[in-house]
Amino acid sequence: MPHIRVMLDYFHPWPNSAGLYVARARRWYAEGGLDVELVVQDPGRGDTLEYLARGEVDFGIFPPNRLLARRAEHGQPLIAVSAINHRGLEAIQTTTSTGITRPRELSGRRIAYNPTPRGRALVRHLVAADGGDPDAVISVDAGSRELTVDDIAAGEADATFGNYWSWDALRGDLPEEQRVTWPVDEIGAPRYHSYLLGTNETLLDQHPSLVRDFLAVTARGYAAAAQEPDATLELLEQVIPYFPRPLIARSLALIAPTWTDVDGRWGVIDEGRMGPYAHWLAENGAIPDDRDWARSFTNGLLDVAT
C-alpha cells in the first residue's frame with residue numbers, strides 16, 4: 001500500500017479539507033490501496049507548492065495564482081489535477097461603525113491585507129470597479145495576520161481584504177449586525193478557483209493510475225462531507241478541536257456548495273476561469289506572463305459524472 005502525503009491549504013485544517021478527512025476516516029483510501037497522511041505546512045519551509053517541488057509531499061492544495069507564478073518564473077513541473085473550490089473565497093470586511101457602505105468608499109481609508117502584487121492589484125481592481133479611486137486607498141501591511149472584525153473595531157484598520165467569508169470573516173466577538181462582509185466575486189473580482197489540488201508532473205507521468213484512484217476516492221469523500229454535515233462536523237471537531245463548534249458548523253455550511261460546479265461535478269477545473277484569470281494576473285503584474293496557463297492543469301484523470 002503506497003504511502004501518500006497530502007498537504008492542506010492552510011496552517012491548520014479547516015472545513016475546506018473535510019472531504020479528505022471523511023475519505024480517510026471511512027477507510028475509503030485504504031480500501032483503494034492508499035495509505036494517506038494529511039499534513040500542514042511549516043511556513044519556515046515554504047508553502048505547499050515548495051513542498052511539492054522538493055518532492056516532500058505527493059499532492060497539495062494551493063491557489064492557482066501561485067501555481068501559475070511558479071511555472072512561469074521557475075519552470076517548475078507542477079500541475080493541478082482537480083479544483084477544490086469553484087468560487088473566490090476572499091472578502092473585504094469592515095464594520096458598520098466605520099461608515100463604509102460600499103467598496104468605493106475605501107478611498108482614503110485604511111485597508112489591512114498582505115500587500116503581495118496580486119493582493120494590491122485585487123484591492124485596486126475592486127475599488128475601481130465600484131467607481132472609487134484606488135490610488136487613495138491607504139494600505140496597512142498585515143503580513144500573514146488575518147485581522148478580525150474585532151481588530152477593525154479596535155481601530156487597527158478601517159477594513160480588511162483577504163479574509164475568507166467562509167472562515168476568517170466568521171471569527172471575532174462583534175455582533176453579526178455590526179459586520180459588513182463582501183465576497184470578492186460579488187463586487188467585481190475576476191472569476192477564479194480559490195484552491196486547486198495538484199501534484200508533480202513526474203508522479204502524474206509515472207503513476208497515472210495512482211493519481212486517478214486518489215482523485216476518485218477524494219471526490220467520494222467531498223460528496224459525503226457535503227451530504228452528511230452532522231457526521232462531518234463531528235469528524236472535524238476531532239482534527240480542529242480548538243475552534244468552537246458553531247464556527248466549524250457555519251463554515252462547513254458555507255464552504256460545501258463551493259466544492260462542485262454548476263453541473264454538480266466535483267473537481268473539474270474550468271478553462272473559462274483559468275484563462276481569463278491568468279491573463280488578469282499577468283496584466284496586473286502578479287505573474288510574469290500567462291503563456292503557460294493551459295498546460296498548468298488537466299481534467300484528464302477525473303471521473304466527471306454528476
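In this predicted model, helix α5 (residues 117-129) and helix α11 (residues 271-283) pack at an angle of about 100°, their axes lying 10 Å apart. Axes here are lines fitted to C-alpha atoms, for helices over the stretch in contact, with angles running from 0 to 180 degrees between N-to-C directions; helices are DSSP runs (H or I, at least four residues) numbered from the N terminus. The angle makes α5 roughly perpendicular to α11 (65 to 115 degrees). On the α5 side, R118, A121, L122 and H125 meet Y277, W280 and L281 of α11, where contact means heavy atoms within 4.5 Å. These residues divide into five nonpolar, one polar and one charged; Ala, Val, Leu, Ile, Met, Phe, Trp, Tyr, Cys and Pro count as nonpolar, Asp, Glu, Lys and Arg as charged, and the others, Gly among them, as polar.

A second pairing joins helix α9 (residues 229-239) to helix α10 (residues 245-255), with axes that come within 10 Å and cross at roughly 130°. P229, T232, L233, L236 and E237 of α9 touch R245, I248, A249 and L252 of α10, a contact of six nonpolar, one polar and two charged residues.

With 22% relative accessibility, A219 counts as partly exposed (between 20% and 50% relative accessible area, 1.4 Å probe, protein chains only). Its C-alpha atom is 8.8 Å from that of D303, 84 residues apart along the chain.

Local features need pLDDT of at least 70 and side-chain atom pairs count only at pLDDT 80 or more, while totals for chains, interfaces and linings use all residues. Residues are numbered from 1 along each chain as its sequence is written, and side-chain values use heavy atoms, leaving out hydrogens and water.

Key:
Helix = DSSP H or I, 4+ residues; strand = E, 2+ residues; numbered from the N terminus. Parallel < 35°, antiparallel > 145°, perpendicular 65-115°, else oblique.
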